[in-house]
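Thanks for making the time this morning.

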Amino acid sequence: MDFELFTQFLVNGIALGSLYALIAIGYTIIYGVVQLINAAHGEFFMVAAFLTMWGVMQYNSPWYTSFFVAAVIVVLLGLLVDRVAYRPLRKQKTSSFIGAISVSFLLQNLFVVLFTARAKPFPHPKILDEVLHYGNVVVPVVNIAIVIVSITLFLMLYFLVVHTNVGRAMRSISKDPEVSQLMGVNPDKIIAFAFILSTSFAAIGAFMYCSKFPYVDPFTGVIPGLKAFIGAVIGGIGSIPGAMVGGFLLGMGEIMIVAAFPELTAWRDIMAYALLILFLLFRPGGIFNVRVREEKV
Amino acid sequence: MNRNKLALAFASLLLTLVLLLSACATQTGTQPPAPAQTEAQPVEQKPAEGALPDVIKIGVNETMTGWGAAYGDMTWKGVQLAHEQKPEVLGKKVEVVLVDNKSEKSEAALAAQRLVEVEKVAAVVGVNSSSMSMAQNEVLEKAKVVSMATAATNPLVTQGKRYAFRAAFIDPFQGDAGAKFAVEELGAKTAVLLVDIALDYPVGLANYFRQSFIKYTEDEKAVLAFFSFQTGDRDFTAQLTQIKSLNPDIVFAPDEYAELGAILQQAKQLGITAQFLAGDSADVPELVQIAGENAEGFMYTAQFHPDAFTNPESKQFVDAFRAKYGIDPETFSVTGYDGYMLMLDAIERAGSLDSDKLYEALVATAFTGARGLTKFDANHNAILGVPVIEIKDGKKTFRYIVQPPQ
């Protein structure tokens, strides 16, 4: 493989990896504070994309207004789902996971009924369709935008978690909810805040994802949701740098496997799921070896 | 929910009642008309010929609700126009009886049962979907009622069935036409396949294309590579980057329109100059909306294009369709229209509603419909020209027609 071809694969891989990392963060934020695998994360992602498209198609509003409204609705939806479906089940881990799966299918089917399963074009700023050329290497502008948005959001999140009171409260809840409650932290409020953060990431991730792959249907969230989840587990679910690194490596790996073994394109999903199983078996804490909090009796 | 259950219970009650009644009818009803007349020839019964009903009923089994509603609606539009233009056959009035199969296989079989037992139709037109046509044809074959599936393209719809025909060409035929066009018209020497391996349609069509492409280029190695993905994948940059380095003449990607839209966009971004070619699953307006300018120059084979057929019957159909509905006819409406016309032509030539006479008439079909001269092959599939459509200035433009083998 010559250098230019390799660089092209690298460019593709960085974009896909950054997208997965962005979505994976949503899982890890929730898991960090409630130990819940929010199986409906991909559906919040889909709802954000869908509503953005709907606003532009139906009300002819510009994409940014439409996206903003969609993001607000998704955040509210996240809070509602937490209040109605997750909070009552919080003490039972299995039930809340099943609850999350139910919410996921509920949203998918609701959108199939409301909007049919047909894919619709996703409205996005035209500048993102441009491409830059460096010799034979092609760099789509949308890839650059994805990387910039991802890095900015990671830095903001890092600052929030490490240097603000809410962030401290989040970390303390994640370490020991009972003691933090004694210290005056209201876990329900902090968990609600985590949902606001997680759904915001879902909305922004959805916008970037659908700008790159420009259509949306009720199943839009399924594949990226699954892949990002695998990324989060590989990195170490519950850890923010873990989700970033895990998601990024998975995306890069998916591209590079096709680069190295073109015959194996059909195998890349199989390998992703096999990797998930291997990590769960041999290194459940992921690359960052996140300690799973022991349940107190 | 409850209303559905109630309706279902009611329907099944009705069905048993009908079955009982029809059982009684066969016991008593058929006896009287037989006697008198010719006692010298007891072997030859001819109740059908003399007994043409006052109204000849044609059943239409379509996906009017459910996921296939849009397709059912387009098909029904075609049938209605055909019925308007040809409302009589053998001097009798024709009535079309539409039943909705709700886009479900089991409902398609039930609908066929109703058409046979309650409506006593002479023939059935539809369904546009392969799986529902198969369910319907199981019932019709047993009841010895001739059927004309519309846009259904799976070979199994008619295979091994005496009374089942279809007004469309099948995928092996389409794959062959695509390859023939690529080699003979575009002068292609090499091709690459990019296929969604989670669906039957792309896998089948790509396979037929590969075989024919090798046949027409007379080069065993003409198909350079097979790249796959799975439904729901959206990042094709890895496969496309490989394709770019292979630099083939043709990329055959007979995938669903949404994935195809993303493929075309990413291919254009990567600067791939190969000609992209697909099958009739691309014949959807959303494709151009999703791919935008990246769809320019993209080509696919389809069942129909308003400019593809130059015979007067085709022009007449296109004009009448536009006048009646204000839109262009496409695959579904043309197969609905031709399906009805082919069936009436057969009834006319058979001069009877006897299913075996209809079968013989259908086999001998040489009818000029909206897609030119239409005949059936040994498996009852329509032999037709295959139009190639090119996207030009964001519009579906007729590019070429692959003539059927003689």
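Let me begin with chain B, which has 13 helices and 16 strands. Please keep in mind throughout that this is a predicted model. Of the 406 residues in chain B, 51% are buried, and if we take the contacts in this chain with a separation of 6 or more, residues 24 or more positions apart account for 68% of them.

The chain is divided into two parts, with domain 1 of chain B covering 52-169 + 309-385 and domain 2 of chain B covering 172-302. The C-alpha centres of these two domains lie 31 Å apart, and the contact between them takes 4 residues from domain 1 of chain B and 6 residues from domain 2 of chain B. On the side of domain 1 that touches domain 2, the classes are 2 nonpolar, 1 polar and 1 charged.

Next, a sheet in chain B. Here 6 strands form an open sheet with mixed pairing, and the order is E2-E3-E1-E4-E5-E6. Which strands stand at the edges? They are E2 (88-89) and E6 (164-166) of chain B, each with a single partner strand, so that one side of each has no neighbour in the sheet.

Helix H3 (residues 69-85) of chain B lies across E1 (55-62), E3 and E4 (123-125), running at about 165° to E1(B), while helix H5 (residues 130-143) of chain B lies across E1, E4, E5 (146-149) and E6, running at about 170° to E5(B).

Now to strand E15 (residues 386-392) of chain B, which is largely enclosed by the rest of the structure, because 5 of its 7 residues are buried. E15(B) pairs in the antiparallel sense with E11 (residues 299-301) of chain B over 3 bridges, and there B:Met299 stands opposite B:Glu390. E15(B) also pairs with E16 (residues 395-402) of chain B, again antiparallel, over 7 bridges, with B:Val388 opposite B:Tyr400. E15(B) and E16(B) form a hairpin with 2 residues between them, and in the turn B:Asp393 has a positive phi of about 50°.

Finally, how do the two chains meet, and how many residues does the contact take from each? It takes 27 residues from chain B and 27 residues from chain A. On the chain B side, the elements that give two or more residues are strand E8 (223-229) and helices H8 (237-246), H9 (257-269) and H10 (285-291) of chain B, and the largest share, 6 residues, comes from H8(B). By class, that side of chain B divides into 10 nonpolar, 13 polar and 4 charged residues.

Key:
Residues are numbered from 1 along each chain as its sequence is written. Chains are lettered from A and ligands numbered from 1 in the order in which they are written. This is a predicted model: local features need pLDDT of at least 70, side-chain atom pairs count only at pLDDT 80 or more; totals for chains, interfaces and linings use all residues. Two residues are in contact if their C-beta atoms, placed from the backbone, lie within 7 Å. Helices (H or I, at least four residues) and strands (E, at least two) are DSSP runs, numbered from the N terminus. Ala, Val, Leu, Ile, Met, Phe, Trp, Tyr, Cys and Pro count as nonpolar, Asp, Glu, Lys and Arg as charged, and the others, Gly among them, as polar. A residue is buried if 20 or more other C-beta atoms lie within 10 Å of its own, exposed if 12 or fewer, and partly exposed in between; C-beta atoms are placed from the backbone. Two strands pair if DSSP finds at least two bridges between them. Axes are lines fitted to C-alpha atoms, for helices over the stretch in contact, and angles run from 0 to 180 degrees between N-to-C directions. Domain bounds come from an automatic or database domain assignment.
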